[in-house]
Amino acid sequence: MKILGIEHIGIATDDLNKMSSFWGNILNILHTHTEVVESEQVKTTIFDTKNGKIELLSPSSSNSLIEKFIKNKGAGIHHVCLEVDNINQAIIELKENKIPLINDKPKIGAEGYNIIF
């Protein structure tokens, strides 16, 4: 597997408007995308630095994994997303190295990207 770079940093928040204001209005980072990812029960808002993105994650339902994350650990960094040249090869190599994965097959995440956790 070849790591191409950090695609984004995912930050869990229970106040999407306040966090969006910080990244967009105070830091002046370009807001590029907002969507609800139904499969993950999460609303995402993305800010692009042109050298990597910030993805704000807010629960879209009370039984969302992001909701549980915030309740257990508080708001903050949820994940770092690495862009790879071949996600299927990455899955094979991670499994060979006994790295636990939440899902074995890629699924569609924000912005239409194939993702695994």
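**View 1. Gln-41 sits in the loop between strands E2 and E3.** Strands here are DSSP runs of at least two residues (E), helices are DSSP runs of at least four (H or I), and both are numbered from the N terminus. Keep in mind that this is a predicted model: local features need pLDDT of at least 70, side-chain atom pairs count only at pLDDT 80 or more, and totals for chains, interfaces and linings use all residues. Residues are numbered from 1 along each chain as its sequence is written, and side-chain values use heavy atoms, with hydrogens and water left out. Gln-41 has a phi near 50°, a positive value in a residue other than glycine. Most residues other than glycine have a negative phi. With a relative accessible area of 27%, Gln-41 is partly exposed; that label covers values between buried (under 20%) and exposed (over 50%), using a 1.4 Å probe and protein chains only.

View 2. Is Glu-40 buried or exposed? Its relative accessibility is 17%, so it counts as buried. Leave aside the neighbours within four places in sequence, and Glu-40 is in contact (heavy atoms within 4.5 Å) with Ser-64 and Lys-107.

**View 3. Lys-50 lies in the loop between E3 and strand E4 (53–59).** Here's a positive phi again: Lys-50 has a value of about 80°, although it is not a glycine. Lys-50 is exposed, because its relative accessible area is 62%.

**View 4. The largest nonpolar core has nine residues.** A nonpolar core is a set of buried Ala, Val, Leu, Ile, Met, Phe, Trp, Tyr and Cys residues joined through side-chain atoms within 4.5 Å. The members to look for are Ala-12, Val-37, Val-42, Ile-46, Leu-57, Ile-66, Phe-69, Ile-70 and Ala-110. E3 and helix H2 (65–73) each supply at least two residues of this core, and H2 gives the largest share, three residues. Zoom in on Leu-57: not counting residues up to four places away in sequence, the residues it touches include Ala-12, Val-42, Ile-66, His-78 and His-79.

**View 5. Phe-22 and Trp-23 bring their rings together in the one aromatic pair of the structure.** Rings of Phe, Tyr and Trp (its six-membered ring) pair if their centres lie within 6.5 Å; planes under 30 degrees apart count as stacked, over 60 as edge-to-face and the rest as tilted. Which kind is the pair of Phe-22 and Trp-23? The ring centres are 5.3 Å apart and the planes are at 80°, so this pair is edge-to-face. Phe-22 is partly exposed at 33% relative accessible area, whereas Trp-23 is buried at 14%. Trp-23 also belongs to a second, separate core of seven residues, which includes Leu-16, Phe-47 and Ile-54 as well.

View 6. Leaving aside neighbours within four places in sequence, Ala-90 is in contact with Met-1 and Val-84. Now find Lys-2: it is 88 residues from Ala-90 along the chain, and the C-alpha atoms of the two are separated by 8.1 Å.
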